[in-house]
Amino acid sequence: MNKIFPKGENGCVAAGTKAIPGGEGAQACTTLTNRTGFLCRDQRSCIPASGVCDGVRTCTHGEDEDESLCRDVPHSLPRFLVAHCGDPASWIYSDQKCDGTNSCGDCSDEVSPVTVCPPCGPGWWRCPSTVFIYCGCIPRHLCRDRVQHCSDWSDEYTCPGP
């Protein structure tokens, strides 16, 4: 079940008692994968943040592609859908933060000081990565595959594998 955050003071979307500023009428929700989402008008469908203004009408009434929402991305998006990178000119959708992938290009969406992400999950191995797409963790299926993915080779010698 998707979590829906009701409207708070001043038209902001509230998560518990902490208000998250949002766009007019836009509401935040939490997707089934525990990521930030956009609540469709039906009040049931929660689409991932990165599904907004992607050219595909995912909500039943297509409000995720409304011109008012998508006219000047990222400025026209509700703030809960946007995450900033280490480079102030760069941004990503909020559901791309702490997902194990280097979406910002400088790992600022995966490591501090810009982002505080939880440690690697059970399907990941923590190491200094040599692969651009990963930052401080690699997927465990890359362990013991006879290819170096960690600068210290721990993916080949220490990691127990998938």
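Me: Of the contacts between residues at least 6 apart in sequence, what share joins residues at least 24 apart in the protein chain?

Reply: A contact here means heavy atoms within 4.5 Å. In the protein chain, 28% of the contacts between residues at least 6 apart in sequence join residues at least 24 apart. Keep in mind that this is a predicted model, where local features need pLDDT of at least 70 and side-chain atom pairs count only at pLDDT 80 or more, while totals for chains, interfaces and linings use all residues. Residues are numbered from 1 along each chain as its sequence is written, and side-chain values use heavy atoms, with hydrogens and water left out.

Me: How do I read burial, and what percentage of the residues count as buried?

Reply: Buried is under 20% relative accessible area, exposed is over 50%, and partly exposed lies in between (1.4 Å probe, protein chains only). By that rule, 40% of the 162 residues of the protein chain are buried. For the surface itself, areas come from the Shrake-Rupley method with a 1.4 Å probe, and for residues only the protein chains shown count as cover. The accessible surface of the protein chain is about 9300 Å², and carbon and sulfur atoms account for 53% of that.

Me: Now the strands. Which way do β4 and β5 run relative to each other, parallel or antiparallel?

Reply: Two strands pair if DSSP finds at least two bridges between them. Strands β4 (residues 28-30) and β5 (residues 36-39) run antiparallel and are joined by three bridges.

Me: How many disulfides does a search of the whole structure find?

Reply: A disulfide is a covalent bond between the sulfur atoms of two cysteines. The criterion is a pair of cysteine sulfur atoms within 2.5 Å, and the search finds nine. One of them links C53 and C70, with the sulfur atoms 2.0 Å apart. C53 lies in the loop between β6 (46-48) and α1 (67-70) and C70 in helix α1, so the link ties together parts 17 residues apart in sequence. The bond has -90° about S-S and is left-handed. C53 counts as buried at 18% relative accessibility, whereas C70 counts as partly exposed at 22%.

Me: Why is the disulfide of C85 and C104 called left-handed?

Reply: The torsion about its S-S bond is about -75°, so the disulfide of C85 and C104 is left-handed. C85 sits in the loop between β7 (82-84) and β8 (91-93) and C104 in the loop between β8 and β9, so parts 19 residues apart in sequence are tied together. The S to S distance is 2.0 Å. C85 is buried at 6% relative accessibility, and C104 is buried at 17%.

Me: Where do C127 and C150 lie, and what does their link tie together?

Reply: C127 is in the loop between β9 and β10 and C150 in the loop between β10 and α2 (154-157), so the pair ties together parts 23 residues apart in sequence. Their sulfur atoms are 1.9 Å apart, and both C127 and C150 are buried. The S-S torsion is about -70°, so this disulfide is left-handed.

Me: Which residues is S129 in contact with, leaving aside its neighbours within four places in sequence?

Reply: S129 lies in the loop between β9 (124-126) and β10 (137-139). Its contacts are Y134, C135, I138, H149 and C150. S129 and Q148 are 19 residues apart in sequence and 9.0 Å apart in space, C-alpha to C-alpha.

Me: And S154, is that residue buried or exposed?

Reply: S154 is buried, at 8% relative accessible area, and belongs to helix α2. Apart from neighbours within four places in sequence, S154 is in contact with W125, C127 and C159.

Conventions: Helices (H or I, at least four residues) and strands (E, at least two) are DSSP runs, numbered from the N terminus.
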